[in-house]
There are 2 protein chains.
Amino acid sequence: MAHLYETDGQAIYRQSFATIRAEADLAPFSSDEEPVVVRMIHAAGLVGLEEHVRFTPGMATVARKALQAGAPILCDARMVSEGITRRRLPMDNAVICTLQDPQVPELAKAMSNTRSAAALELWRPHLKGAIVAIGNAPTALFHLLNMLEDPKCPRPAAIIGCPVGFVGAAESKAALMAATPAPALIVDGRLGGSAITVAAVNALASAEE
Amino acid sequence: MAHLYETDGQAIYRQSFATIRAEADLAPFSSDEEPVVVRMIHAAGLVGLEEHVRFTPGMATVARKALQAGAPILCDARMVSEGITRRRLPMDNAVICTLQDPQVPELAKAMSNTRSAAALELWRPHLKGAIVAIGNAPTALFHLLNMLEDPKCPRPAAIIGCPVGFVGAAESKAALMAATPAPALIVDGRLGGSAITVAAVNALASAEE
């Protein structure tokens, strides 16, 4: 017997977001932040994620404006850049991931760092006013913070810092919030990842649910 | 002051997996399953995920053998296909995602279903003996189950069924385990997603940690 299920994509989104809004504690978030958190919970399939989501004041507004002005989106991993829904981008914004650039393996060796961190050196020409979306590697977020300690390094408009895992993830995100070289959004602790990061970008890019 | 952090990728993996093995309850899993579960926990940043991971008996062994024999990997989303580490694949296995095929939007309209489900119709020529990796859309998993109700539909070697979310995810995974048209691995309930699915494929593809 054939399985029966909801096949209307819009109805699935509507029902999912209604469930999240019924179950999650979204009261601490501003109306500008709330749809971002809802989409992050949706991507993770995890009510309770909201307890770990932190915005610096005004980050959601700043990031939206930057995207509407055409800011490029700099991603640490292909799973992030591939997940961003192109038709949601308000200005056909560039989505850039430099991890597969042929220069990166040599650069990583020279820097004694991971390829994920080395790839950020190739962000420099695009970094000014960009939206940074780090959803995988703590080493990438740490290296960005070190790059931004140089006052001559161009400043991004906002940083979505959601690396995931057991070594450096919690520490790099805490360091981002302590330094705040740009308006920032994190998931504190071990949780994070490409899907959650993509969800944040997609929510900031368009108000459409 | 520059942030100091672990920059050796291999050391990061080693330390992460040691933490997971110290904290997670992996006793219910066979030695063939255990490294798969460890990598799934790693991708999610979530000890406790193991309580939701279910294998049909022998699935891990069957999936490994199929990959070693050159089975293609069929993915429901680009975030899944892009995440699979090519150098871990034992036979330079094909990694296929049909979601962006230009036929899909028309097909979805004709089927009154999502693009994710419609894309699976284009899997038919590759399905025999393949590894299926569904990490996003419950509708894709439901449609696969319906396709496999036809005895003339080619059988995959194994199914990694880890769609995520609030509508249909739990139900489609329960339906997979009830029907078991092929050896299967799921994360039950709402949790799942592309990163967890990719982690399972990467662990089954190679014993390297």
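Residues count as buried under 20% relative accessible area, as exposed over 50% and as partly exposed in between (1.4 Å probe, protein chains only). By this scale Ser112(A) is exposed, with a relative accessible area of 54%. The structure is a predicted model, in which local features need pLDDT of at least 70, side-chain atom pairs count only at pLDDT 80 or more, and totals for chains, interfaces and linings use all residues. Residues are numbered from 1 along each chain as its sequence is written, chains are lettered from A and ligands numbered from 1 in the order in which they are written, and side-chain values use heavy atoms, with hydrogens and water left out.

Ser112(A) sits in the loop between α5 (104–111) and α6 (115–118) of chain A. Helices (H or I, at least four residues) and strands (E, at least two) are DSSP runs, numbered from the N terminus. The phi angle of Ser112(A) is near 50 degrees, a positive value in a residue other than glycine. In chain B, Ser112(B) also has a positive phi, of about 50 degrees, although it is not a glycine. Ser112(B) is found in the loop between α5 (104–111) and α6 (115–118) of chain B. Its relative accessibility is 54%, and Ser112(B) counts as exposed.

The contact between the chains was examined next. Contact means heavy atoms within 4.5 Å. Chain A gives 43 residues to it, and chain B gives 43 residues. Chain A and chain B bury about 3600 Å² between them, with 62% of it on carbon and sulfur atoms. This buried area is the accessible area (1.4 Å probe) that two parts lose on being put together, summed over both. Across the interface of chain A and chain B there are 14 residue pairs in polar contact, both residues at pLDDT 80 or more. On the side of chain A that touches chain B, the elements that give two or more residues are α1, α2, α4 (78–83), α7 (138–148) and α9 (194–205) of chain A. The largest share of that side, seven residues, comes from α1(A). The residues of the side of chain A that touches chain B divide into 20 nonpolar, 17 polar and six charged. Here Ala, Val, Leu, Ile, Met, Phe, Trp, Tyr, Cys and Pro count as nonpolar, Asp, Glu, Lys and Arg as charged, and the others, Gly among them, as polar. A polar contact is a pair of N or O atoms within 3.5 Å; within protein, one must be able to donate a hydrogen and the other to accept it, and residues adjacent in sequence count only if both atoms are side-chain atoms.

Side chains of opposite charge can pair when their charged atoms come close. A salt bridge is a side-chain nitrogen of Lys or Arg within 4 Å of a carboxyl oxygen of Asp or Glu. The count over all chains is 18 salt bridges. Four salt bridges are found across the interface of chain A and chain B. In one salt bridge the side chains of Arg78(B) and Glu82(A) meet at 2.9 Å, N to O. Arg78(B) also forms a salt bridge with Glu82(B), with the closest N and O atoms 3.5 Å apart. Arg78(B) and Glu82(B) both lie in helix α4 (residues 78–83) of chain B, four residues apart, about one turn of the helix. A network of salt bridges links Arg78(A), Glu82(A), Arg78(B) and Glu82(B). Arg78(B) counts as partly exposed, at 27% relative accessibility.

Ser81(B) is placed in helix α4 of chain B. Ser81(B) is buried, with a relative accessible area of 4%. Its side chain reaches the backbone oxygen of Arg78(B) at 3.3 Å. Leaving aside neighbours within four places in sequence, Ser81(B) is in contact with Cys75(B), Arg86(B), Val95(B) and Cys97(B).

Other salt bridges lie in chain A. The side chains of Arg21(A) and Glu34(A) meet in a salt bridge at 2.8 Å, N to O. This pair links distant parts of the chain, with Arg21(A) in helix α1 (residues 9–23) and Glu34(A) in helix α2 (residues 34–44) of chain A, 13 residues apart. Arg21(A) is partly exposed at 32%, whereas Glu34(A) counts as buried at 19% relative accessibility. Arg124(A) forms a salt bridge with Glu121(A), the closest N and O atoms lying 2.9 Å apart.

Glu50(A) is buried yet has no salt bridge. Its place is in the loop between α2 and β1 (53–55) of chain A. The backbone nitrogen of Asp25(A) lies 3.1 Å from a polar atom of the Glu50(A) side chain.

Notes. Lys, Arg positive; Asp, Glu negative; His and termini not counted.
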